[in-house]
Amino acid sequence: MRKFIEHNPIGKEELDAGKKVIKSGNLSGFYAQNLSKFYGGKKVLKFEKDIKKFFKVKYAITVNSWTSGLIASIGSIDIKPGDEIILPPFTMSACAASILHWSAIPVFADVDPKTFCLSPKSVLKKITKKTKAIMLVDITGHPSDIDSFNKIAKKYKLKIIIDAAQSIGAKYIKKKKYTGTVGDVGGYSFNIHKHINTGEGGVIVTNNKNIANKAYLIRNHGENMVNKIKTSNFSNLIGYNFRLGEIEAAIGIEQLKKLPKILKKIQKNGELLNKELKKLEGLEVPEVDNKVITHAYYTYGLKLNTKKIKFSRKKIVKMLRNLGVPCGEGYLNIHLLTLFKKKIAYGKKNYPWNLNKNRSYKYNIGDMPIAEDLHFRSYIGIGLTHYDFSTNDIYYIINAFRKVWTKLGLKIINDN
Ligand SMILES: Cc1ncc(COP(=O)(O)O)c(C=O)c1O
């Protein structure tokens, strides 16, 4: 069976940069108090400068994971206990956990069946007087429908937080802007299976000074709040150690230089899969409106049309896996975590749900039909950034799909 190289390989450049930091002995440049080192060491500052330039944003605040980044982002929008933030369920748990962290309440809205990102129509049904923000998640690397959400945010005076962990480098073509930079605050993950990685790490990006100042404080214990940094509001501001180390920052500087090349290769792999797999009966490939957005293809997300095909997803995925295709069934439905289904994992007293007693915030199967269909029935994902796939590897995967389709007697259309 074919063996694929895992994730984006670290090169000599990253190795040399990391070694230099180790030799210097300055593995972190941070101090928490009101000192010049509050904003971090040389490599952190340089990495942030490069990120600002690349993504054309005023502020870039590196963090030790994007989970930390999400917590700091939400803490930076003047969130209050009992505020609601609308988010999709077809994402990972950090999105909801970061909201609960501030005693705010995650409110789930369903996703779009084509992009798998949050659906504007579904969000409109969930807005209440308590809604403070919408969290967009560019799942699989497909940018969210920012124009619709900006209109909604303007009308209802809501903040937009963008989890662009999976869509780094993808763009809104007409706006000439990168995902993550088009809301009030956003950011990217640099964990091991992202397009570029520092092992663990992430960055918050924003053009808003008040949000940036709060994020700087949350990242670094918040002790500086009594002195220099100006923000609109210090209440509900808790500081942590979310600081990125100098070795990771040095590696990040080198990785960022490689992002355009890495992204191009992944996008080419995604487009090749699109061209070939759309020939297979009952398989729906990602639809990308090339005039509006570019897709980062973090995961190659396919949909099996279970109405057209009489074989189960389980059977098809098993056959593909037996041929060595690293694909997975479904993704996540975080509204069905025990925490939200039963509201007991977070304490029987229902804190923070108790803050708004007139609403239930309880979820069950049937509440998010599209996200549930994806997770339980139709979605098949292949992690395109989880491996360093060559073009030949992609052809190997395509051939494996064709073998399965042939074996099952399913049609291969427009084949030439
Ligand atoms: C959509 C999304 N949000 C948040 C995270 C959390 O990022 P990190 O692993 O850097 O904490 C991830 C990581 O996989 C992610 O894919």
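The model is a predicted one, in which local features need pLDDT of at least 70, side-chain atom pairs count only at pLDDT 80 or more, and totals for chains, interfaces and linings use all residues. Residue numbers start from 1 along each chain as its sequence is written.

**Overall build**

The protein has 12 helices and 13 strands; these are DSSP runs numbered from the N terminus, with helices being H or I over at least four residues and strands being E over at least two. The C-alpha trace spans about 70 × 60 × 40 Å along its principal axes. For 416 residues, a compact globule would have a radius of gyration near 22 Å, and the protein's 22 Å agrees with that. That radius is taken over C-alpha atoms, and the globule rule is 2.2 Å times the number of residues to the power 0.38.

Of the 416 residues, 46% are buried. Here buried means that 20 or more other C-beta atoms lie within 10 Å of a residue's own, exposed means 12 or fewer, and partly exposed is in between, with C-beta atoms placed from the backbone. Among contacts with a separation of 6 or more, 71% come from residues 24 or more positions apart; a contact means two C-beta atoms, placed from the backbone, within 7 Å.

**Strands and sheets**

Let's start with strand 1 (residues 59-63), where five of five residues are buried. Tyr59, Ile61 and Val63 point one way and Ala60 and Thr62 the other, and all are buried. Strand 1 pairs with strand 9 (residues 202-206) in the antiparallel sense over five bridges, and Tyr59 has Thr206 as its bridge partner there. Two strands count as paired if DSSP finds at least two bridges between them.

Further along, four strands make an open antiparallel sheet in the order 10-11-13-12. Strand 10 (283-284) and strand 12 (327-329) stand at the edges with a single partner strand each, so one side of each is left without a neighbour in the sheet. Strand 10 is joined to strand 11 (residues 299-304) by two bridges, and the two run antiparallel. Leu283 sits opposite Leu304 in strand 11.

**Around the ligand**

The ligand is surrounded by 14 residues, and the closest are Ser65, Trp66, Thr67, Ala165 and Ser189. By type, the shell has six nonpolar, seven polar and one charged residue. Nonpolar covers Ala, Val, Leu, Ile, Met, Phe, Trp, Tyr, Cys and Pro, charged covers Asp, Glu, Lys and Arg, and the others, Gly among them, are polar.

| Residue pair | Apart in sequence | Apart in space |
|---|---|---|
| Lys3 and Pro326 | 323 residues | 9.9 Å |
| Met135 and Phe149 | 14 residues | 10.0 Å |
| Gln267 and Ala212 | 55 residues | 32 Å |

Lys3 lies in the segment before helix 1 (12-24), and it is exposed because it has 8 other C-beta atoms within 10 Å. Met135, in strand 4 (residues 131-137), is buried, with 27 other C-beta atoms within 10 Å. Leaving out residues up to four places away in sequence, Met135 touches Ile85, Ile86, Leu87, Cys95, Ile161 and Asp163.

Gln267 belongs to helix 8 (residues 246-277) and counts as partly exposed, with 19 C-beta neighbours inside 10 Å. Neighbours within four places aside, Gln267 is in contact with His295 and Tyr297.

Key
A residue is near a molecule or strand if its C-beta atom, placed from the backbone, lies within 6 Å of it.
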